[in-house]
Every structure is written in C-alpha cells, then in structure tokens.
Amino acid sequence: MFKVKICGIREVRHLRAAVKSGASYVGFVFFEKSRRNVSIETAQRLARKVPKGVLKVALMVDPTDEFAFNILNHVPIDMLQLHGNETIDRVQRLKNISNLPIMKALGVNTKSDLAAIKKYEMVSDQILIDAKPPVESKVPGGLGKTFDWNILSEFQSKKPWLLAGGLTSKNVKIAIEKTGARQFDVSSGVEDECGVKSEEKIFEFINTLKGELDE
C-alpha cells in the first residue's frame with residue numbers, strides 16, 4: 001500500500017481534498033522563509049479538522065526548544081518533521097522533549113549522501129529523502145526539483161522512509177520503478193503556483209498511486 005503526505009497545506013479546501021483522496025499525512029510548514037508557512041492560528045484551525053487516522057505533521061527547520069514548544073502547545077500535532085541541519089543529538093533532544101515521533105529529512109545528490117541516513121535512523125522514526133537544495137537556496141526543500149532516483153535503486157532502510165523532491169502525478173510511477181518507494185511526500189507537485197495547492201492535482205496524484213496499486 002502506498003502512503004502519501006501532502007505538505008504545505010494552508011487552506012481548508014486543500015485539507016479536505018487531501019483527506020478525501022486518501023492522504024495518510026498532512027503537513028503544516030512552520031518556517032517563515034517558506035511561501036507555505038502558516039501561522040499558529042491557521043494551523044490550529046486546520047489541525048482540528050483532520051480526522052483520526054491521518055497524521056498531522058509539523059515541518060520545522062532547526063527549531064529552538066522554545067519554538068517547538070510554542071507550536072506543540074497550541075497545535076495538536078502527531079509528528080515532527082525536521083528539515084534543517086539538525087544534528088543527531090539535536091534530533092534526539094527534540095524527540096525527547098516533544099514526546100512525538102520524528103521524521104528527519106535528508107537531502108541527497110550522490111550515492112555518498114546515503115551514508116548519513118544510516119546514522120539518523122538511530123534517532124528517527126521515519127526518514128524523508130529529498131533532493132539536496134542548491135548552496136544558495138534560502139529554503140531546504142519544496143523546490144520542485146527531482147534528483148537521480150537511480151541512487152536509491154538498491155537502497156534499504158531500517159526505518160520507514162518517504163521519497164520527496166519534484167514528484168508529480170506524471171513521474172511518480174517512474175519513481176516507484178527506480179526506487180521501490182512506498183511512501184511519498186509531495187508539495188509543489190500538487191500546486192498551481194508556489195504555495196497554492198490544487199484540489200485537482202491532489203486528487204490526481206493520489207489516484208495515480210491507487211491505479212498503480214490496482215495494476
């Protein structure tokens with residue numbers, strides 16, 4: 001069974017589309033430099049509308065303890081997604097203080113980048129493999145860029161993992177063939193423009209996976 005995380009949700013209609021189409025996770029971005037950033041008030045309102053069985057994920061980038069506590073004290077979150085340069089010790093610290101499962105995002109560009117994943121598996125509950133952003137990028141992900149999926153042709157992880165980076169309904173089947181991924185994180189690939197989700201594209205992405213499952 002394939003699982004999908006629709007990340008960067010900011011509006012009720014897009015949340016409903018994600019839930020109705022069968023998303024397993026919905027992600028809220030708490031990072032001011034991102035166009036998908038949401039306020040605590042908006043995230044709180046949206047999170048309360050998420051039905052049981054769909055995990056609510058808070059994406060943070062190198063958060064301080066205080067920042068994380070502020071979000072978690074106001075928004076009912078099920079999982080933290082750490083998308084910055086958090087060290088292994090920092091991931092463990094946030095896992096301990098939040099008492100929540102951790103999804104650690106790691107960027108890859110070459111096969112050698114996979115070595116870091118083995119280290120983070122020890123402290124993370126899930127791993128998200130994304131395209132490594134350019135050095136000059138102000139944001140660590142959500143850029144709509146793929147990477148060479150052949151890097152993952154023989155990849156195996158001790159923890160559940162998600163594939164991210166430039167996924168769309170048109171290329172996700174190829175991604176499955178090349179990587180064997182069973183979970184997918186999509187953001188820009190279900191948008192009409194950066195930061196603005198498309199209900200139609202959300203349905204199309206998940207229905208494409210449902211079709212693959214039925215074949």
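What follows is a set of questions on the labels given to parts of this predicted model.

Biologist: What makes Asn171 buried or exposed?

Modeller: The relative accessible area of Asn171 is 15%. Buried means under 20%, so Asn171 counts as buried. Asn171 is also a loop residue, placed between β7 (161–163) and α6 (172–179). Leaving aside neighbours within four places in sequence, Asn171 is in contact with Thr146, Trp149 and Gly166.

Biologist: How do you know on which side of α2 the buried residues lie?

Modeller: The buried residues of α2 (residues 40–47) are Ile40, Thr42, Ala43, Leu46 and Ala47. They cover an arc of only 160 degrees around the axis, so they are on the same side of α2. An α-helix has 3.6 residues a turn, so residues three or four places apart point the same way. The buried residues of α2 pack against α1 (12–21), β2 (25–30), β3 (55–60) and α3. In α1, the buried residues are Val12, His14, Leu15, Ala17, Ala18 and Ser21. Just after α1, Gly22 takes a positive phi of about 110 degrees.

Biologist: What is the handedness of the crossing of α3 and α4, and at what angle do these helices pack?

Modeller: The crossing of α3 and α4 is right-handed. Helix α3 (residues 65–74) and helix α4 (residues 88–98) pack at about 35 degrees, and their axes are 11 Å apart. On the α3 side the contact is made by Asp65, Ala68, Phe69 and Leu72; on the α4 side it is made by Arg90, Arg93, Leu94, Ile97 and Ser98.

Biologist: How do the residues of that contact of α3 with α4 divide?

Modeller: Five are nonpolar, one is polar and three are charged. Ala, Leu, Ile and Phe count as nonpolar, while Asp and Arg count as charged.

Biologist: Which residues have the most contacts inside the largest nonpolar core?

Modeller: That core has 59 residues, and those with the most contacts inside it are Ile6, Phe28, Ile129, Phe147, Leu163, Phe184 and Phe205. Apart from it lies another core of eight residues, including Tyr25, Ala105, Leu162 and Ala164. Leaving aside neighbours within four places in sequence, the contacts of Ile6 include Ala18, Val26, Val186 and Ile202.

Key. Residues are numbered from 1 along each chain as its sequence is written. This is a predicted model: local features need pLDDT of at least 70, side-chain atom pairs count only at pLDDT 80 or more; totals for chains, interfaces and linings use all residues. Side-chain values use heavy atoms; hydrogens and water are left out. Axes are lines fitted to C-alpha atoms, for helices over the stretch in contact, and angles run from 0 to 180 degrees between N-to-C directions. Helices (H or I, at least four residues) and strands (E, at least two) are DSSP runs, numbered from the N terminus. A crossing is left-handed if the near helix is turned anticlockwise from the far one by less than a right angle, and right-handed if clockwise. Contact means heavy atoms within 4.5 Å. A nonpolar core is a set of buried Ala, Val, Leu, Ile, Met, Phe, Trp, Tyr and Cys residues joined through side-chain atoms within 4.5 Å. Buried means under 20% relative accessible area, exposed over 50%, partly exposed in between (1.4 Å probe, protein chains only). The arc is that of the directions from the helix axis to the C-beta atoms.
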